[in-house]
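Please open the model in your viewer and keep the selection tool at hand. The tour below goes from stop to stop, saying at each one what to select and what is found there.

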Amino acid sequence: MGHQLHKAGIWTAVVMFDLEVTWPPPSTNSRVGGYEFLGGEAEAILLISRAFGKFEFAIKELEKYEGPALLILAPDTPEFHSAAEINAQYCTQMEVVNGKGSHYNMMQGEQAATQAALVLEFAKRLGGSGRRHIFRRSLLSFVALTEMLLAAVAPSRALRNAWVGALVYDQEALECNSIPDLAACYNRRVLEDVKSSGDAGESLIVIAGYSHGCVLAHQMGHQLYKAGVRTAVVMFDLEVTWPPPSTHSRVGGYEFLGGEAEAVLLISRAFGKFDFAIKEAIELTKMKAQGQSIDVDALIERAYVALGQRGLSMDLLKMMVKRGGVNIEKLNNIGNPWEPLEKYEGPALLILAPDTPEFHSAAEINARYCTRMEVVTGKGSHYNMMQGEQAAAQAAIVLEYVKRLSEATLVCPAAEGITVLRDCPGPCIYFLHGLDGDALGPGMNLGSLPSLLSGRICSIEYDDEAFACETIEALAKLYKERILQDRALRPDGKRLVLVGRSIGALVASLIALYLQKDHVECFLVILNSEVVWPSKLDDSFCYDWLGGEVEATFWLSHLAGAKAFVDEQVQSAVTRGKAFAEGASRLQTAAFGQIASNLEAFGIRSLKEFRSVCTLASSHCARLRQLLRPSAGSMRTPAGIFDGKVLVITGAERQSKLEQSARQYFRNIVTRCVNTDDHEVYVGAVASSIASEISQFLVQDRTRVDGDRDPRHEAESLDAAHVPIYVVPGCDGGVLGELASLVDILNADTGGVLVFDQEARRCSSLADLAALFLQRISDDQAWISEGDLPDASLCKVLLLGHSSGAPLAYEMAMQLQDCGVDVRLVIVQGEVSRAGPSSTGLSGCWLGSTCEAILLLANRVGEREFALKEAEAMAKARQNGQKLSRGRLPDTCGLAFDGISGGYMNGHSNNGGVEESKLLMRAFWKLSDQLNGMSVDAFKELVADLASRIDWYMSLDSLEHQDAFEGPALLILVQDCAEAESIIESNALYCTQLEVAETNGDQHSCMHQGNMKSLAAQILSWQAHGTKRAVRGDPVIQS
C-alpha cells in the first residue's frame, strides 16, 4: 500500500510489526507460517493467498518502496528477526527498532503502549510538512474520484495544502427536511472541518456534486458564498433543479417510482444494463398510472437475472436496494420539486459525460442559476464517470480548474490592512470602523449586510500601523492609500464607495475629501450618524465618560441586543455618581449573563473571551478618542465640502436633524429612512433594507454625469438602450429588494426603483403620489434646470408597474402624456384600473392587512402552497364568525414567543389578534430558511411595515380617466394565467397600443431571480424591435 501511494505522489510512511514483506516466511517449525501442513483451515488461508498472489513470482518482480519505513521487532521472539534483513531488500529508507514483548502479545496491554510510543515518535520526526488529507468513505463512485484527487494533490504546488473529503448521508443528514436544511448541515461540517485544520478562513472551498448531488452542491455553494466564504462549485452531469426534464432514457426523468424501485434502476444503469432499466421504467410507470402497486421483490429478482454479475449475491443486491431506497426516498421527498430561489454568483464548473447526451440539458438549465459557470466535457457516461479511468479524467479536469482559481486568487490579493468580506463583480465598497476599532473582528458588527451587497466588499483594519497614527487626519490619509492600493488590484471595480457609521462616518468623509482633491471619484454612504465629533445626537454624550472598559461593555452589550440592560446601567450610574469606581468586572459578569447566547454569533463563548474583547475595544476607544479630541470650544468636522454623491441612511426620528447637519458638508445628498439603530448589528429586514437602499443609490447614479452631454444629440434616437427605466412598486413598496435586481438585469443607462418613503406616504391620492414621483424622475433626469420649462420632445422614459403598482404607473404615464413626454408603459401581471391589491385577497375574501402581508411575503419567497392553505383556513375561520376589522393589532404573538405583549402591529382588532399571531409564527418558522437568519422580532417588524404600506396604498383615492393611454404599452402575464383573458380585456380598455407577452413563474415568482431574466428579456425585446399598433380591445400577442 505504501509503495502504491508513494508512486502516486502521496506523502506516505509505513510501519511494519515483526514480519517480512514477503510470503511465505522462511521455513522453520518455530514460528507461525514457517512449517508444513497445520490443518484444513490454516491450509485454506495459505491456498487462497497463493491463488490470488502467486507469491514466488510476486517476490521476484517486487519493486522497492522508497518512502520512509519503520520495522518494530518483538525482542522475546528472535525467530522473527530475519524480517530485518529481508525487508531491507525491499525498503530503501527503513529503520529497525526493538519494541516490547513477543510476536504474539506485542499488540496487547503494556506491550501495545510501548509500540504505540515508538510509532508516535517516528511520526513526529517525519512531521512538519503541514499537508494533511481527510478521506471519508461514502458511495463507491465518489470514492474513486476522491482517490484520484488525493493522488494528484501532493505534486501540485498550487494545491499543496488541499484537503479532499466526501460528505456522508448519515442519520443527521437523513433527518433534514429540505434542500436548504441539508445544505446547511453539510456546510457546518465543511466549515468545522476547515477550522479543525487550522485554516484562517482564506482557503478556497470547492463543493463537488455528482448526479443529484449537483442540487445540493449548488445550494451549499450559494449559502457559503452569501456568507462571504471563498467558494467554488463543481457539478457532474446533472441539473441543479429537480426533477430533471421528463424522459424514460435517463435517471429521474420520469414520475418517481419509489425509493427501492429507483434504487434497482440506478444499480442496473451503474452496471451498464441501460435497456433493462429503460424497459422497466416504462412498464413500472404504466403500472403506477393504472393504480397498480410495484412488486419490488419481483423487480429485484428480474434485475438480478439481468445483471448476471459474478460475485453479486441476491442478499447483497437486496441490501443495496433497501439501504439505497431509504436515501433515495428521503432525498426525493425533501426536494421534489426544487428550484433554487437565487443564483449562485461564485465560480462554477459543469462537467458533462459525453456518452450520455440525454443529460446535456444541464448546461442550459444550470446557466440560469449560475452567473459564472464554465462547461467542459469529461469522459465516460453519466453512470460510470466516477469509476476507473473515467474518474481519473474527471479528477484532472477538477484539479486544473481549482488550480486556475487558486492562482487567480494569488494574483489579486487584498492590500495590506484590508480584509475582503466578499468579492464578486461590482463596485469596490469599503466599510470604516467605529470607535471600537472593530474589536470583534473586521466587519463582524456589520452582521449580514456585506453578504447582501454585490461587488468587492472590504473592511479597513485598525491594526498596529493605524494605532500609531498621531492625528485623525493621518489616519484618514493612511486609509486612503490602502483603499487606492486595493482598488488598483481590481481594475474592473467600476465605482469606489466609502461607508461609515459612528466615527467611521467622519473618517469616511475625510477620506472622500482627500480623494476629491486627488480627482478620484467616489461615493459616500453614512449609516445613521453625524459626521462631526462629538455627536450632538449620540446619547453617550449626555453623561460623563464612564471609562473605556465600562463603555466597551455597554457597546458590546448593545450590539448583542441588551439595550434595556444598558439603559438601566447608564441611568443607575448617572444617578448614583461613581458607580463603577471598582472597575468593570462585575458589570461584565452581569452583562455576559444577559447576552451569552447572542455572543456566540460573534465567536465569543466564555466570560474570559468577552472580557478580552472588552479590553481590546477599550484600548481602541481610548486611542481614537485621543485623536478625535477637539481644541477648546470646538468640534471635529470634515475640513471642506464634498461635491460627490452622498447617501444618508437613518431612522425616522433622526432623519431631519441628520439631514440638516449633513447639508453643511455635502452638496449632493440623498436621505433614506430605514428603521435602524446606531448600535445594532445589521441582520434580517434591517440589513435587507439598508442593502437595498445602497444598491438603488448606486444603480441610479450609474454611468450618468450631469451636464456632460448634449440632450438634443441624444434625442435623435429612441434606441432602447438609452431610455431610462423606472420601476413603480406595488402596495409592498418593493420591501424585499427584488425590484432593484430587475433594474440591474435591465441594465438601463439611468433609472431605478421609486421608493415609498415618508414623503410619499403623506400623499392621499394616486394622482398626488404620481406627481411626486414624476417630480423625482424630472430631477433625476435633469429635465428642468434653473427654473426653465423642459422641452418635452427631449424627454423620454419607460415606466414599469408590477401587480398592484400598475394603477400608479398608469397614472404617471397619463400625466406625462398630457405634458407631451415620450413615455412607454410596461404592466407585469396587473390591471391599470385597480387602485390597490385585490379587495378579495388570496382566499377570495379580504383577511386584513396583517394577514395579507404575511401571505404576500410567503408568496414572494416561493411558499405559494403554504400561502394558499393558510388563506383558505383563515377565510373559513372568518365565515365561522371570527371577524376582523381594519385598524391596529396588539402584538399578542409575543406572548407565545417571549412573554412580551407590548407594541403594536398593523392589522386588526383584538378579536382576531390571537389567530393572526398564530399565523405570523407559523409563517416565521415556515419561511425561516429563506429569511437569512432574521429574528422573530425583525420578522414582526417587516410584517408590520408591509401591512401599514398595504393599508396606506389601499386608502389612496383614484380618479377614472376619460381618455386612454395612447403610447406604447406592454402587458406581461405569467404562463397559464387563469385570469389572462379578463386582465387583457381590462387593460385594453385603457391602453390603445397594448401588446401582450408571457414570462415564467406566477404572479409573485415571476420576480424571483430565476425568472427575472425571462421578464427582462421580454421588456428589452419589446423596446428593441419597436411596437406594433393594435386596435383597442384587440391586443397583439407577442410570443
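How many strands form the open sheet, and in which order do they stand? The sheet is built of 7 strands in the order S8-S10-S9-S11-S12-S13-S14, and their pairing is mixed. Select the two edges next: strand S8 (418-423) and strand S14 (666-673) each have a single partner strand, so one side of each is left without a neighbour in the sheet. On average, neighbouring strands of this sheet are turned by 20° against each other, with direction ignored.

Before going on, note that this is a predicted model, in which local features need pLDDT of at least 70 and side-chain atom pairs count only at pLDDT 80 or more, while totals for chains, interfaces and linings use all residues. Residues are numbered from 1 along each chain as its sequence is written, and side-chain values use heavy atoms, with hydrogens and water left out. As for terms, helices (H or I, at least four residues) and strands (E, at least two) are DSSP runs numbered from the N terminus, and two strands pair if DSSP finds at least two bridges between them. Axes, used for the angle above, are lines fitted to C-alpha atoms, and angles run from 0 to 180 degrees between N-to-C directions.

Now select residues 523-527 and 642-650, which are strands S12 and S13, paired in the parallel sense over 4 bridges. Within this pair, Val-525 stands opposite Leu-647 in S13.

Move to the loop between strand S5 (231-236) and helix H10 (259-270), where Pro-243 has its place. The peptide bond that leads from Trp-242 to Pro-243 is cis, with omega near 0°.

Two residues other than glycine with positive phi come next. Asp-438, in the loop between strand S9 (428-432) and strand S10 (456-460), has phi near 55°, and with a relative accessible area of 11% it is buried (under 20%; exposed is over 50%, partly exposed in between, with a 1.4 Å probe and protein chains only). His-519, in the loop between helix H18 (503-517) and S12, has phi near 65°, and at 75% relative accessibility His-519 counts as exposed.

Finally, select the cysteines: the structure holds 0 disulfides (pairs of cysteine sulfur atoms within 2.5 Å). For Cys-176, the nearest cysteine sulfur is that of Cys-185, 4.3 Å away, and Cys-176 counts as buried at 10% relative accessibility. For Cys-370, the nearest is that of Cys-214, 9.7 Å away, and Cys-370 is buried at 5%.
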